Amino acid sequence: MNKPLRESKGPRHVAIIMDGNGRWATMRGRPRLFGHHAGAKRVREVVEACPDLGIKYLTIFAFSTENWKRTQVEVAGLMSLFRRYISKEARALKERNVQVRFIGDRVRLDRKLTALMDELEQLTADCTGTNLTIALNYGGRDEVARATQRLAQDVADGKLDPADVDEETLPKYLDTHVLPDPDLVIRTSGEARISNFLLWQSAYAEYEFVDTLWPDFTGEELGRLVTSYGKRERRYGAVKT
Ligand code: FPP
C-alpha cells in the first residue's frame, strides 16, 4: 500500500499503554488499586492536554484481554473504577466536547458497565473535539479474530467475495474502523513491549517508551513527546527523495 510521505509534524492520533500503576502504589506501601485510582486522575489531565497539542485522537489502554488473570480483588476493583470514572467524568467530557468510544469485546463485561459505556458514547456522539477511545477488555489478536469472524460471515452470506479481501477490507471489520491509525504509541513505566495493543493499526506507528510510571505522567511530558515526534521522519517503508 502506498501511503503519501507525511510532513514531519505533530501526531494526530496518540495511543497510550498506561503502565506502572501497581509499582507506583507498591513504592508507597499502598494496595495496587490505589495506583489505579491515581492513574485514573491522570487520564483527565492527559485528555485535557490534547487540543493544545494538536492531538485529535487519543486512545488509551485501560484493560486488556489478559488482565482477567489478575486477582479477583484487582479485577473487581478496576471494573468498579471504570464504572465510577464513567459516571463521574461523563458531564465534564461532554462539556469539553470530547467524543468517547470504547473498543474491545464487551461480552465478558458486566451489564452495568456496558450500559454506562453505551450511555457515554451516546451522550458524546455529537462532540467534535478530541476523540477519546478507551480500550476495555481489548486485545489486538482478539480484535483481529472477532473481525475475521464477521468477515467470514459476510462471505458465507454472499455479501463479500473472498477475492476482494485485501488490506483495505479487513480494517473495516476492526473495532477501530472509524479511527485513523495511531501515529505515536507511548508506553509508560520503562517496559518496552506492545502487549497486544492495536497490533494491526500500529504497523507504521512511532514508539516512545518512557520510564515515568503512569500516575506520574503529565500533560507536559506528553507535550515533550509530541515535540520529539515532530522531529522524526516517517517514511512508511519508502526512501527519502
Ligand atoms: C497497568 O498498570 C494499568 C492497568 C492494567 C490499568 C489501567 C487503568 C488505569 C490507568 C485506570 C483508569 C483508566 C480509566 C479509563 C478510568 P499495572 O497495574 O500493570 O502496573 P505495574 O506494571 O506496575 O504492576
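This is a predicted model: local features need pLDDT of at least 70, side-chain atom pairs count only at pLDDT 80 or more; totals for chains, interfaces and linings use all residues.
Colleague: Which residues come nearest to the ligand?
Modeller: There are 16 residues around the ligand, and Asp19, Gly22, Arg23, Arg32 and Arg70 come nearest (a residue is near a molecule if one of its heavy atoms lies within 4 Å of it).

Colleague: How far is an oxygen atom of the ligand from Asp19 and from Gly22?
Modeller: An N or O atom in the side chain of Asp19 is 3.0 Å from a ligand oxygen. For Gly22, a polar backbone atom is 3.0 Å from an oxygen atom of the ligand.

Colleague: Now Gln201: is it buried or exposed?
Modeller: Gln201 is buried, with a relative accessible area of 4% (buried means under 20% relative accessible area, exposed over 50%, and partly exposed in between, with a 1.4 Å probe and protein chains only).

Colleague: Which residues is Gln201 in contact with?
Modeller: Leaving aside neighbours within four places in sequence, Gln201 is in contact with several residues, including Tyr138, Leu174 and Pro182 (contact means heavy atoms within 4.5 Å).

Colleague: What joins the side chains of Gln201 and Thr176?
Modeller: A polar contact of 2.7 Å joins them (a pair of N or O atoms within 3.5 Å; within protein, one must be able to donate a hydrogen and the other to accept it, and residues adjacent in sequence count only if both atoms are side-chain atoms). The side chains of Gln201 and Glu143 are likewise joined, at 3.1 Å.

Technical notes. Residues are numbered from 1 along each chain as its sequence is written. Side-chain values use heavy atoms; hydrogens and water are left out.
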